[in-house]
Amino acid sequence: MNSTPILLDWPQLDDRTEFKEAVLAGLSRTPRAIPAKFLYDAQGSALFDAICELPEYYLTRTEIQILRRHSSEIADLAGAGCALVEFGSGSSVKSRLLIEALKDLQSYVPIDVSRDHLDATAAQLRRDYPWLSVVPVGADYMTLTALPPRVNGAQRRLGFFPGSTIGNLEPKDATEFLRRARALLGDGSALVLGVDLKKDARLLHDAYNDGAGVTAAFTLNLLRRMNRELDANFDLSGFAHEAFYNPAQGRIEIYFRSLRSQTVHVAGQVFRFQEGERVHTEYSYKYDDVGIGELARSGGFAIEKIWRDPVRLFAVCFLAAT
Ligand code: AVJ
């Protein structure tokens, strides 16, 4: 199959304009915050891949191990003839485990905003799985409202949202995501969801404060990106990565913090930073069984099965549309 990328819901603004408007708005509000999705330019994506290899960052390798161990059971629950729809397809290591396990897979539909990434992934998958119909969709999965028609002809649409990416979303947005996924995938669909679980605060802290400083470089790459793309003049030595676990909210909070009082120019505007002032970049919510159940229900799904790593405390959930 040599279908070319189908571009649906393509953003009206080009990427740089969208980034600029989000940054100017984010630095103008109190408290300051820039949406996490802007961390993933080419450099940021490469740094995130490096994070996944860190000894402290257990999430990726634990999830891959769960998927490896239980892929045939996942395939049994999914049934034959599915279309596999991945929300935010990064490196396709995890999807490959499902592609290889699912029976009579009708198509693989990676949804991603990064078109370059999508093209490269699709080309490689077509080389590796010549029998597979790969149908990439260049879109933001938070706003996508329809799948390519061919995909709707599958027996069942099986969504895949790995990596605990759902943890980036505040609970109301996580519910909104699931509702949208439920509507997009349709009646009788299912969703394989990766969720990081609540655990010892020290282990969580270390996962976002690695010794090699890769996570700090990932956060501070946002400043570099503003310097590169928005004609900003952030002095990288004047800011630091900050990440901590907030037990009351059950989430990791990530910021960059100004180490002194300073003035920065961004896209022709001037922003004043007090010493110690921070700009929020990410949340990473951690769930427990009750929380997963509530989340699933609020989004129109029911839990069919959960596989957990009892040591690393990560879960892969099979949710069925209700
Ligand atoms: C990709 C959102 C799952 O929250 O663990 C990792 C992002 N940020 N280290 C996470 C991230 C810093 C990651 N997610």
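Around the ligand sit 15 residues, with Tyr 57, Gly 163, Tyr 208, Glu 282 and Ser 284 the closest. Bear in mind that this is a predicted model.

**Ligand contacts**
- Tyr 57 has a side-chain N or O atom 2.5 Å from an oxygen atom of the ligand.
- Tyr 208 puts a polar side-chain atom 2.6 Å from a ligand oxygen.
- For Ser 284, the gap between a side-chain N or O atom and an oxygen atom of the ligand is 2.6 Å.

**Nonpolar cores**
- The largest nonpolar core has 66 residues, and Met 226, Phe 234, Phe 256 and Val 266 touch the most other members.
- Leaving aside residues up to four places away in sequence, Phe 234 touches Leu 27, Leu 223, Met 226, Asn 227, Phe 239, Phe 256, Val 264, Val 266 and Phe 273.
- Another core, of 38 residues, lies apart from that one and includes Tyr 141, Leu 144, Leu 178 and Ala 321.

**Helix α5**
- Leu 118, Thr 121, Ala 122, Leu 125 and Arg 126 are buried in α5.
- Down the helix axis, the buried residues of α5 fall within an arc of 130 degrees, so they line one face.
- That buried set packs against α4 (93-101), β3 (107-112) and β4 (137-138).
- Asp 116 and Arg 127, on the other side of α5, are exposed.

Definitions and conventions. Residues numbered from 1 in each chain as written. Predicted model: local features only at pLDDT ≥ 70, side-chain atom pairs only at ≥ 80, totals over all residues. Heavy atoms only, no water. Core = buried A, V, L, I, M, F, W, Y, C linked by side-chain atoms within 4.5 Å. Buried < 20%, exposed > 50% of the residue type's maximum accessible area, 1.4 Å probe, protein only. Contact = heavy atoms within 4.5 Å. Helix = DSSP H or I, 4+ residues; strand = E, 2+ residues; numbered from the N terminus. Arc of directions from axis to C-beta. Near = heavy atom within 4 Å. Polar contact = N/O pair within 3.5 Å; in protein donor to acceptor, adjacent residues only side chain to side chain.
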